[in-house]
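Let's take a short walk through this structure together. Open your viewer, and we will go from one selection to the next.

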Amino acid sequence: MGRDHAVVAIAGQIGVVASVALNLAALAFYLHGRIFGASAGEKEAGKKMKKAAAVAPSSGKPPVAPDSTINLDHGDPTMFEAFWRGTMGEHATLVIPGWQTMSYFSDVGNLCWFLEPGFEREVRRLHRLVGNAATEGYHVLVGTGSMQLFQAALYALSPPAEAGPISVVSPVPFYSSYPAVTDFLKSGRYRWAGDANTFEGDEYIELVCSPSNPDGGIRQAVLKSKSGKAMHDLAYYWPQYTPITHMLAHDIMLFTVSKCTGHAGTRIGWALVKDREVAKKMNMFLELNTIGVSKDSQLRAAKVLEAVADAYERQPADLTGDASLLFHYARRQMTCRWRALRAAVAASGIFTLPDEVAGFCTFAKDTVSANPAFAWLRCDKEGVEDLEVFLREHKIITRSGTRFGADPKVVRISMVDTDEAFGIFVDRLAAMK
């Protein structure tokens with residue numbers, strides 16, 4: 001086994017050297033053409049290189065028109081696309097040679113042997129920059145989105161099946177996927193038990209989503225039993241959505257690239273896990289579930305996170321007008337959207353939203369308002385008992401409060417869709433009486 005490890009380590013070193021050599025060759029090719037002009041053969045080779053690097057984009061969601069049905073059910077973060085289409089897109093561009101990332105293994109000396117070292121490095125770097133979560137003394141695990149890590153943590157925190165299923169709870173309104181994902185495999189180790197506020201018992205796994213999906217509120221664990229366990233879902237604890245008030249240091253903290261940078265399609269999440277034995281059990285789940293996580297996606301995510309951190313190191317963080325600063329850009333966008341939504345609600349007169357809250361943000365070094373990724377909209381109009389149905393009649397698709405353990409007169413609405421979809425939505429909402 002030791003010899004195998006040595007062979008893998010040497011192969012990794014050779015791969016790194018080869019990758020560097022390839023990039024240096026490409027740079028030399030480029031500079032030669034710029035300075036001396038390219039021959040016909042070089043031009044043809046250049047065309048082939050560009051063709052090989054080009055990737056045809058998927059169609060994604062269809063464009064919207066003024067009379068379109070607007071789907072704001074999912075938190076699809078397409079709002080970020082304009083940022084990455086700008087100058088920052090070049091900084092996040094990555095070319096992966098055909099021979100690279102072919103092995104299952106990334107770092108055989110790491111507890112999470114399929115974790116790309118570059119991705120781990122950028123995760124820790126970004127948390128140090130933002131100051132939202134401690135990384136010193138934590139194990140980093142990578143997953144196919146944070147929901148795979150959520151399942152891995154349920155497995156790691158639950159007792160053996162013969163002990164009977166442990167209760168999994170979360171305070172209402174809880175994230176709508178928690179019940180479905182918890183019970184999907186009908187595991188004998190754990191089961192969904194509903195609202196943490198009404199739960200009675202000493203043994204449980206409490207899911208703490210903060211800022212809360214769906215209402216954006218800051219949450220702490222409700223239950224205090226010494227034999228209970230907590231998992232913190234911090235997907236939205238980034239400065240575009242909420243003031244960063246503390247560097248959190250919980251036992252298990254889950255994050256995702258999709259809500260941090262907008263790259264939902266990359267399908268990468270990560271967990272910061274304090275206890276080594278828990279981390280080992282989570283890693284075992286990931287091994288058995290998917291034999292690791294896509295290295296190509298990890299390299300893409302690492303490049304994106306690197307671009308975000310590099311921009312802040314190049315520019316002072318107080319340059320709020322700089323289009324290269326992701327969190328400043330996204331905060332401006334979210335602030336404008338929430339201002340427009342509150343104006344539409346006021347113009348309509350039949351809806352209400354949670355009160356606006358503010359706090360001192362250690363990242364922005366200023367007092368800022370929270371701008372949640374979702375709006376928790378309630379209807380006060382007489383005769384409207386099911387707001388999801390009412391809005392669907394106006395060609396707006398949302399997610400009913402019943403999916404979150406709440407009542408049907410409230411819905412969750414995505415605030416991170418495209419500018420076009422959001423603009424049509426607020427115009428329709430303002431016109432409802």
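**First stop: the second largest pocket**

The residues lining the second largest pocket divide into ten nonpolar, nine polar and seven charged (Ala, Val, Leu, Ile, Met, Phe, Trp, Tyr, Cys and Pro count as nonpolar, Asp, Glu, Lys and Arg as charged, and the others, Gly among them, as polar). This is a predicted model, where local features need pLDDT of at least 70 and side-chain atom pairs pLDDT 80 or more, while totals for chains, interfaces and linings use all residues. Residues are numbered from 1 along each chain as its sequence is written, and side-chain values use heavy atoms, with hydrogens and water left out.

The second largest pocket holds about 510 Å³ of space. A pocket here is an open set of points on a 1 Å grid over the protein atoms alone, where a 1.4 Å probe fits, with protein on both sides within 12 Å along at least five of seven lines; lining residues have an atom within 4 Å of a point. Select Met147, Tyr175, Tyr236, Ser258 and Lys259: of the 26 lining residues, they are the closest to the pocket's centre.

Next, colour helix H6 (145-157), which gives the most to this lining, with four residues (helices are DSSP runs of H or I, at least four residues, numbered from the N terminus).

Methods:
Points joined across faces, edges and corners; volume = space filled by probe spheres on them. Helix = DSSP H or I, 4+ residues; strand = E, 2+ residues; numbered from the N terminus.
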